[in-house]
Amino acid sequence: MPKTLTPLPLGFARRMVDWQRLHGRQSLPWQNTQDPYRVWLSEIMLQQTQVTTVLAYFPRFLTKFPTVADLARAQQDDVLALWSGLGYYSRARHLHKCAQAVMDRFNGVFPPSAEALQSLPGIGRSTAAAIAAFCFQERAAILDGNVKRVLTRVLGYAEDLAALKKEKALWDLAQDLLPQQAQDMPAYTQALMDLGATVCLPRKVLCERCPVMDLCQAKQQGLPLAYPVKTRKLKRTSATLWLLWAVNAQGQVWLQKRPDKGIWAGLFSLPVFDTQADLQAAWPQGKDPQFIAPWKHVLTHRDLYLHPVHMTGTVKKPPACEGQWVDAELWPSLGLPAPIRALLTGTSGV
Ligand code: SF4
């Protein structure tokens with residue numbers, strides 16, 4: 001693949017802005033607003049999560065926490081409960097901390113610059129730029145995964161993004177490509193997101209629908225799928241978790257809060273053990289053990305092999321591990337990891 005860069009494509013920003021106004025997405029619930037709270041919330045939710053999923057969560061979240069002050073005042077457990085099912089729970093914990101930081105450090109008002117926004121918990125450079133572009137028309141470049149794909153293809157940028165220096169050079173190019181007029185920043189930023197989400201896809205390119213097809217180096221080379229180049233892959237790991245599903249005669253289930261770090265941090269879960277022997281030792285009074293068929297739960301960089309064991313017992317002799325009996329009416333509203341929720345509701349397919 002050629003390594004020399006071509007000059008910046010002339011008219012790129014103009015075409016993107018015009019295309020967005022005609023063909024881009026216009027009516028997502030977090031669009032057509034300059035309210036940083038809504039834009040920030042949507043940007044955090046959209047990291048690693050499909051738009052269709054966020055469409056269900058976004059309004060629920062706003063109903064419960066209409067303002068950043070409401071979110072800052074909330075209990076972390078309530079935030080995690082509402083996030084339940086979206087995955088990547090560190091986002092929810094950062095969201096909560098960020099709301100508190102906006103209240104404490106900025107009197108409840110999101111600061112109006114990408115640089116200041118980046119100083120808040122959970123807001124990285126690209127998210128800060130998106131908020132600043134949408135809400136304050138700041139000429140700040142975004143560069144999330146979708147945008148890296150679009151720009152490396154358009155520019156024929158064949159450098160390895162695993163090298164920080166090369167990634168930084170792409171940031172500089174992304175900044176150089178911005179429209180000159182600040183008022184075009186919201187449409188331009190949205191155009192990059194829309195093109196990456198609907199036209200310039202990871203494994204399929206719809207170049208005939210692309211507004212910059214004749215400017216695109218990857219298209220001219222006939223090699224769109226060769227970009228972006230990133231050699232370093234995170235190593236996949238795996239873990240086996242034995243899950244104690246303890247139920248008493250009242251139908252309550254024994255749940256424990258996970259530690260603040262590690263798998264399912266801060267969520268409520270069935271107690272987790274490394275081995276079957278450890279699990280059974282934790283509740284010798286448990287009766288009628290049923291070994292549920294194990295299954296693999298796939299996280300981004302880790303496979304979890306889950307082995308639930310259902311046992312029954314009495315309120316007075318609970319498992320000898322941290323936790324509490326929780327009523328069946330209560331646990332559905334807790335923040336539970338998706339596979340535990342699916343198991344308890346009988347929707348895991350096991
Ligand atoms: S022409 Fe094709 S490869 Fe190039 S940016 Fe457009 S969709 Fe992507």
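The legends below accompany close-up views of a predicted model.

View 1. When the whole structure is searched, one cavity of 30 Å³ or more is found, and the volume of the largest cavity is about 110 Å³. Two helices, α9 and α12 (217–221), each supply at least two residues of the lining, and the largest share, three residues, comes from α9. The lining residues of the largest cavity divide into 13 nonpolar and two charged, and no polar residue is found there.

**View 2. The largest pocket and its lining.** The largest pocket has a volume of about 2000 Å³ and is lined by 42 residues, of which Gln 47, Gln 48, Asp 144, Gly 145 and Asn 146 lie nearest its centre. Four helices, namely α2 (36–46), α8 (125–136), α9 (145–155) and α11 (185–198), each contribute at least two residues to this lining. Which helix gives the largest share of the lining of the largest pocket? That helix is α9, from which five residues come, and α9 is also the source of the largest share of the lining of the largest cavity. By type, the lining of the largest pocket holds 17 nonpolar, 14 polar and 11 charged residues.

View 3. About 540 Å³ of space lies in the second largest pocket, and of the 20 residues that line it, Gly 87, Tyr 88, Tyr 89, Trp 264 and Leu 299 are the closest to its centre. The helices α6 (90–106) and α14 (338–345), together with the strand β6 (295–298), each supply at least two residues of this lining. Why does the second largest pocket lie between domain 1 and domain 2? It does so because domain 1 (12–226) and domain 2 (237–345) both give residues to its lining. The lining residues of the second largest pocket divide into 11 nonpolar, seven polar and two charged.

**View 4. A salt bridge between Asp 214 and Arg 15.** The side chains of Asp 214 and Arg 15 meet at 2.5 Å, taken from N to O. This pair links distant parts of the chain, since Asp 214 is in the loop between α11 and α12 while Arg 15 is in helix α1 (residues 12–23), and the two are 199 residues apart. For the model, the count of salt bridges comes to 12.

**View 5. Backbone details in two loops.** The peptide bond that runs from Tyr 227 to Pro 228 is cis, and its omega is near -5°; Pro 228 lies in the loop between α12 and β1 (237–248). In the loop between α1 and α2 lies Asn 32, a residue that has a positive phi of about 55° although it is not a glycine.

Technical notes: Residues are numbered from 1 along each chain as its sequence is written. This is a predicted model: local features need pLDDT of at least 70, side-chain atom pairs count only at pLDDT 80 or more; totals for chains, interfaces and linings use all residues. Side-chain values use heavy atoms; hydrogens and water are left out. On a 1 Å grid over the protein atoms alone, a cavity is a set of points where a 1.4 Å probe fits but cannot get out, and a pocket is an open set with protein on both sides within 12 Å along at least five of seven lines; lining residues have an atom within 4 Å of a point. Grid points are joined across faces, edges and corners, and a volume is the space filled by probe spheres set on the points. Ala, Val, Leu, Ile, Met, Phe, Trp, Tyr, Cys and Pro count as nonpolar, Asp, Glu, Lys and Arg as charged, and the others, Gly among them, as polar. Domain bounds come from an automatic or database domain assignment. A salt bridge is a side-chain nitrogen of Lys or Arg within 4 Å of a carboxyl oxygen of Asp or Glu.
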